[in-house]
Amino acid sequence: MMAQSDLDLKETALKEDLKFYFMNPCEKYRARRQIPWKLALQILKIVMVTAQLIFFGLSNQLVVSFKEENTIAFKHLFLKGYSGVDEDDYSCSIYTQQDAYDSIFYVINQYKQLKNISLGTLGYEHEGSGLKICKQQYKKGTMLPSNDTLNIDVSTETECIFFKPQELAGKKAEMKLNSSFFNLEFYRLIQVEISFKLKGIALQTIHARELPDCYAFQNTITFNNRAHSGKIKIYFDSDTDIQECKDWHIFGSVLQKNTQYILVFDGFVILSCVASLILCTRSIVLALRLQKRFVNFFLEKYKRHVCHADRLEFINGWYVLVIISDVLTIIGSILKMEIKAKNLTSYDVCSILLGTSTLCVWVGVIRYLGYFQNYNVLILTMQASLPKVLRFCCCAGMIYLGYTFCGWIVLGPYHEKFEDLNTVAECLFSLVNGDDMFATFAQIQQKSTLVWVFSRLYLYSFISLFIYMILSLFIALITDSYDTIKKYQQSGFPVTDLHEFLKDPGSVGYRKEQTSMPFICCCRRRESDDNLILIN
C-alpha cells in the first residue's frame with residue numbers, strides 16, 4: 001500500500017509538471033505566476049534583429065551599388081563600341097580582324113589615360129602592377145577551307161606580354177606594341193585575355209555617415225575565338241575585393257559617433273541572443289528530463305514503452321529553431337561589428353548569416369500564433385501534409401528530371417532556353433507556374449521540321465502532365481490534410497497515451513483566480529481546449 005501511495009504521488013506530480021509544460025505562456029502565468037521571460041525576450045529580439053538587418057542592408061546596398069556602377073563604368077571605358085547592353089552572357093562581339101586589333105589597342109590606350117578620363121576615384125594598384133595580355137593559340141599549321149584541307153597541331157601554347165603604367169608613354173611600350181606578338185593568326189587563335197587591377201575608394205558612404213571602404217578591382221577582358229565561326233565574343237569580368245584602407249584620416253566627429261552607436265546596438269543584440277540561447281537550451285534540457293520521467297513512469301506502472309509520437313511531443317522544434325537563429329545572429333553580429341569597425345570586409349558571409357537568422361526569427365513567431373485555435377490550422381496542416389508532400393515530390397522529381405535531360409539534348413541546339421541543364425530546369429519550372437509559355441513555344445527555331453514537331457509534343461505533354469495532373473494532385477494532398485485537421489478540430493484529435501494520461505480531471509490544483517494584468521494573459525483556457533492536440 002505504501003508503494004502504491006508513492007506511485008500515486010509520483011503520478012500526481014508528473015501530471016502537474018506535464019500539464020504545466022504544455023501550457024502556453026499566459027496559462028503558465030495564471031497557474032504559477034511565472035513571468036513569460038522567453039516570450040518577452042523573443043518579441044524584443046524580433047525588433048532588434050530586424051532593425052539590425054535594416055541597418056546592415058542599407059549599408060550593404062551602398063556596397064552593391066558601388067560595385068555594379070563601377071563594372072558598368074569599366075565596360076564603357078575599356079570596351080570599344082560598347083552599347084551599354086550586354087549581348088546575352090557576353091558584353092559585345094566583333095566580326096573583322098581590324099575590329100579585333102582596334103579593340104585590343106583601345107584597351108591599352110584607355111588604361112594608359114585612365115587618370116585623365118575616368119570620373120571615378122580610380123588608380124593603379126602600385127608601380128609594380130600593370131596590364132597583362134596573353135594569347136592562347138594552337139601550334140602552327142595550315143588550313144585551306146576551299147580545298148577542305150586542315151593540318152594543325154591541337155596542342156596549345158600561351159604567350160604573354162606585360163605593360164607597366166609608368167612605361168606606357170615611353171619608347172619601350174611602342175616597341176612592344178610593334179612586336180610580332182600582335183601579329184595574330186586568327187585561324188589558330190583561341191583567345192586573347194587582357195587583365196589588370198585597379199584600386200578605388202567608395203566616398204558615397206560618407207553621406208550615409210559611415211567610414212569609407214577601399215576596393216580592388218581585378219578586371220579581365222577575354223576575346224573568345226574558340227568557335228572560329230567568324231564571331232569573337234568579348235567577355236568582361238570584374239572581381240571586386242573589399243580591403244581595409246591602410247592610411248586614412250577623416251575629420252569630423254559625426255562619423256565616429258554614428259559608428260560607436262551602431263556598435264553599442266550590435267552589442268545589445270548579441271546579449272539578447274545569448275540570453276535567449278541560454279533560456280531555450282535550458283527549456284530543452286528540462287523537457288528531456290521530463291520526457292525521461294514520463295517514459296520511466298509509464299514503463300513502471302503500465303509495463304510498456306511510450307510510442308515514438310509521444311516522445312516527440314517533448315522535443316520542441318521551435319526552441320531548436322530559436323537556438324539556430326540565435327547562433328547565426330551572434331556570429332553575424334560579431335562580423336557586422338568587425339565590418340563596421342573596418343577590420344573585416346566579409347559582407348557576403350555576414351549577409352547570409354543575418355538574413356537566415358532574421359528569417360528563422362520571423363518564422364518562429366508562428367509558434368505563438370499557434371496557441372490560438374483560429375491561427376493553428378496552418379501549422380497543423382503543414383505538419384500533417386509534409387511527409388506525403390515530400391514522398392510525392394520525390395516521384396514527381398523523377399519525371400521532371402527526365403523532361404530536363406530530354407529537353408537539353410534535343411532542343412538545346414535550337415532554343416536558347418534549353419542550352420544547358422540549369423537553364424532547362426529553370427525554364428520548365430517557369431512553365432509549371434504558367435510563366436512565359438507563348439515565348440517558349442515561339443522561340444523554337446524551325447530549321448528542322450522533325451525537331452519542331454518534337455518540341456510541340458514535348459512542351460504540350462509536359463504542360464498537360466505537370467499543370468493539370470501533378471500540380472493538381474500536389475494541391476489535393478495539402479487540401480486533404482487541411483480537411484482532416486478541420487474535422488479533427490470539430491470532433492477531436494486522435495488520443496495518444498500522453499493525451500489519455502493527462503485527461504484525468506482534478507489531479508492538479510492550479511490556482512484559478514483571475515489575473516489583474518489582462519495585457520499579459522492574452523488567451524484564456526477553456527474546457528473545450530483540453531481536446532485539442534498538444535502543440536510545441
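**Reading a predicted chain**

Me: Among contacts with a separation of 6 or more, what share comes from residues 24 or more positions apart?

Reply: A contact means heavy atoms within 4.5 Å. In this chain, residues 24 or more positions apart make up 73% of the contacts with a separation of 6 or more. Keep in mind that the model is predicted, with local features needing pLDDT of at least 70 and side-chain atom pairs pLDDT 80 or more, while totals for chains, interfaces and linings use all residues. Residues are numbered from 1 along each chain as its sequence is written, and side-chain values use heavy atoms, leaving out hydrogens and water.

Me: How many helices and strands does the chain have?

Reply: Helices (H or I, at least four residues) and strands (E, at least two) are DSSP runs, numbered from the N terminus. Here you'll find 15 helices and seven strands.

Me: Why is helix H2 largely enclosed by the rest of the structure?

Reply: Buried means under 20% relative accessible area, with a 1.4 Å probe and protein chains only. Seven of the eight residues of H2 (residues 25–32) are buried, so the rest of the structure largely encloses this helix. Those buried residues include Cys26, Tyr29 and Ala31. Just after H2, arginine 33 has a positive phi of about 55°. Across the chain's 536 residues, 40% are buried.

Me: Which residues does the "transmembrane region" annotation cover?

Reply: UniProt annotations may be inferred rather than shown by experiment. The unreviewed UniProt entry gives several spans, including 311–334 and 346–369. Residues 311–334 are 83% helix and 0% strand, with end C-alpha atoms 37 Å apart. Residues 346–369 are 96% helix and 0% strand, and their end C-alpha atoms lie 36 Å apart.

Note on methods
Buried < 20%, exposed > 50% of the residue type's maximum accessible area, 1.4 Å probe, protein only.
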